[in-house]
Amino acid sequence: MRISLPRSGAVFTTLTLALVLPTACALAQQSPGAATKAEARPAEASPNDIDGATLFASVCGFCHQNGGRAEGRGPKLAGTTRSDDFILDRIRNGKPGSMPAFGGAFSEGQIVAILAYIRTLEDDGN
Amino acid sequence: MSSKGKYLTGCAALALAAMMISPASAVDPSRLLSADQNANDWLTNHGSYKSYHYSPADQINAGNVKNLEVAWTHFPERATRGIQSTPLAADGVLYYSGSYSRVYALDGATGKLIWTYAPALDEELVAKQTHSPYNRGLALANGNLYVGTVDGRLIALDMKTGKVVFDTRLVDSKKLTVGFTGAPLAVKDTVIIGSQGGEWPWRGPIFGVDGKTGQKKWEFFTVAGTDEAKATWGGESWRTGGGGGWMAGAYDPETNTVWWGTGNPAPLYDWAGADWQKSGPRPGTNLYTTSVIGLDPDTGKLKFYHQELPHDAWDFDSAVGEFLSIDRGGQKLMVHPNKGGFIFVYDRANAKLQNVWQLVKNVNFVKGIDPKTGDLIGRRDLALGKADSPLCPAIAGGISWNSGAYSPKTGLYYKIAQEWCMDITVVRTTPILEPMAQLNIGADFKLVAPPDGPARGHLDARDPVSGEKKWEINYKEPPLASILATGGNLLFVPDSEGVVHAYNAETGQELWSHSNGMGHNAGIISYMAGGKQYIAVPAGWGSLVSDEFAALWGEPFKSMAKNTGALFVYSLKQ
């Protein structure tokens, strides 16, 4: 078992990644700050990169609770109406005093995988 | 007045003036040994080596505390995540640190600024850190103030001028992502500081540094720091084991031993379940994580240890820096709280367990802890996937890092407890080390109310050795600040909504309160300046535990600012 929810999350995440990645890379290139980071650390796809759920449970879940399904230290992410561009930018650059910047820590592939994982989350009203 | 009288009065005035402006070098290491008897100053993070968070001062007392009012305030710059430090005071000067390790020296009577120090930090690194940029305190000795930084340095400042005496890099924070947030501890000519650790995949060392030159004297790894300890980590798991010692410990001068509490192992949660001795991410007991350790301050050599939770699988570490030296019936004891909600009582000579008592009501990670052997009874080792019922306490602990207080006058130990649990799903993770280390949590979780009622906090007044309870005060939300007991039969509790309470230390009756308008997650102290007693407390909300409050309790925490703070200082009305 790789992740607990969604049950077919690993496959779903991979599929979603295939859909999201081109858009995300294009968006990244439109943003000067993000483009700089993307150039410095080009997107790489390795088996670990695409497991957004595991990455989330390793790092992001410390604040975005119940795997991003509930508000905790950080906001609830399930059902977010934020754009891909906004979420990618927030993961890369963080929010001073609230959220670390992961742009230099995660590859572009990993960042997109986290976005893809977030998009799999169903808003159950919690 | 006769000329002789005038002369004596003049001499007395000169002597008094000399006392009030005594040189910084007067705070030498030997002065720290008697800090617990000193009503004038607050010389260590915990008040003294005895960790009582107690001042003998009694000018402000149960009879007149109703006349307490704000004497002066100070506003620090860049108070990101509020203020989380405990001030120090020496010879009428108050020192405190804020976020980004900024340090302020202020006239204790008036608040007039003497100097400010703002180190240049690696801002790009700081932006990538989770447990940052707060600072939890200073140490004082050798005419210097010592402060750690989140980018891995220990800095010494001249007490008089704020000028840098040395600036020593101890941790490769660019690679390891963590540095120092806790206060240092000065012991003789050595300054001791523990690195962050816990869920960060490294080996969490504690350092001894020459207090005059800044040269590193020793380094003790809290993960696999000895061959014996290394054997308690399966495979290569010791390389990423976590640990750390992120709060200042205490010193026992009789045995020349530094007592320090260590952080939890990484990942926080373990999918091995009951098979943790042989499988999972870190098979074995994982020494010296979630332990109390006794170190020789001169060499860093381990003298003794007790692992409070062997193979901690719940993030209930021993990093709380509070070690109360209690003498009772001819026994010399050390009392130490563990995040899981239990209080451990040790023989001060060797860390041999004397008792364990439970402070927190909602505990189910174990059924109990044997008070004689320390064995965990009925430990609950979670397996991969969703747990069938909430884990108690929650990740924020039954006890947080803020310190309680002990009054030698009442013989009571005052300690905050936190009642909350969490739904948890354990997830298999692998450590992320490149290009820089990342958190290794190993679970999805959500805080929920405990079985016996709403999530809440309480302040207990208990016997520190037996745990016998004298009284209890309940709070809607747990107070997250360290508290203060005084010789005036008072107990001060700065709460999370922003109110400072003063209670009768014997009875728990509330005698005074004042709102500072923002939550507290720092430490409160007492000191004297110009012959007058002051109470000082930083306000300013934003610790990682306080971040949980908005989801649990809504307002005022949903909209409470987390990037501001102020130091409030109180005295009696003239």
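Leaving aside neighbours within four places in sequence, B:Leu140 is in contact (C-beta atoms, placed from the backbone, within 7 Å) with B:Val27, B:Leu43, B:Leu88, B:Ala90, B:Leu145 and B:Ala186. This is a predicted model, in which local features need pLDDT of at least 70 and side-chain atom pairs count only at pLDDT 80 or more, whereas totals for chains, interfaces and linings use all residues. Residues are numbered from 1 along each chain as its sequence is written, and chains are lettered from A and ligands numbered from 1 in the order in which they are written.

**Nonpolar core**

- B:Leu140 is also among the residues with the most contacts inside the largest nonpolar core, which has 204 residues; the others named are A:Ile114, B:Tyr95, B:Leu138, B:Leu491, B:Phe492 and B:Ala536.
- The largest share of this core, eight residues, comes from helix H6 (residues 108-120) of chain A.
- A nonpolar core is here a set of buried Ala, Val, Leu, Ile, Met, Phe, Trp, Tyr and Cys residues joined through C-beta atoms within 7 Å.
- In soluble globular proteins, nonpolar side chains tend to be buried together.

**Contact between the chains**

- Chain A gives 23 residues to the contact and chain B gives 32 residues.
- On the side of chain A that touches chain B, helix H3 (52-58) and helix H4 (65-68) of chain A each supply at least two residues; helices (H or I, at least four residues) and strands (E, at least two) are DSSP runs, numbered from the N terminus.
- That side of chain A has ten nonpolar, eleven polar and two charged residues, where Ala, Val, Leu, Ile, Met, Phe, Trp, Tyr, Cys and Pro count as nonpolar, Asp, Glu, Lys and Arg as charged, and the others, Gly among them, as polar.

**Backbone geometry in chain B**

- Most residues other than glycine have a negative phi, and most peptide bonds are trans.
- A cis peptide bond with omega of about -5° joins B:Ser132 and B:Pro133, and B:Pro133 lies in the loop between helix H3 (123-126) and strand S7 (139-141) of chain B.
- The peptide bond from B:Ala266 to B:Pro267 is cis as well, with omega near -5°.
- B:Ser101, not a glycine, has a positive phi of about 55°, and B:Ser101 counts as buried because 25 C-beta neighbours lie inside 10 Å (buried: 20 or more other C-beta atoms within 10 Å; exposed: 12 or fewer; partly exposed: in between; C-beta atoms placed from the backbone).
- B:Asp315 has a positive phi near 60° and is found in the loop between strand S18 (302-307) and strand S19 (324-328) of chain B.

How values were computed:
Contact = placed C-beta atoms within 7 Å.
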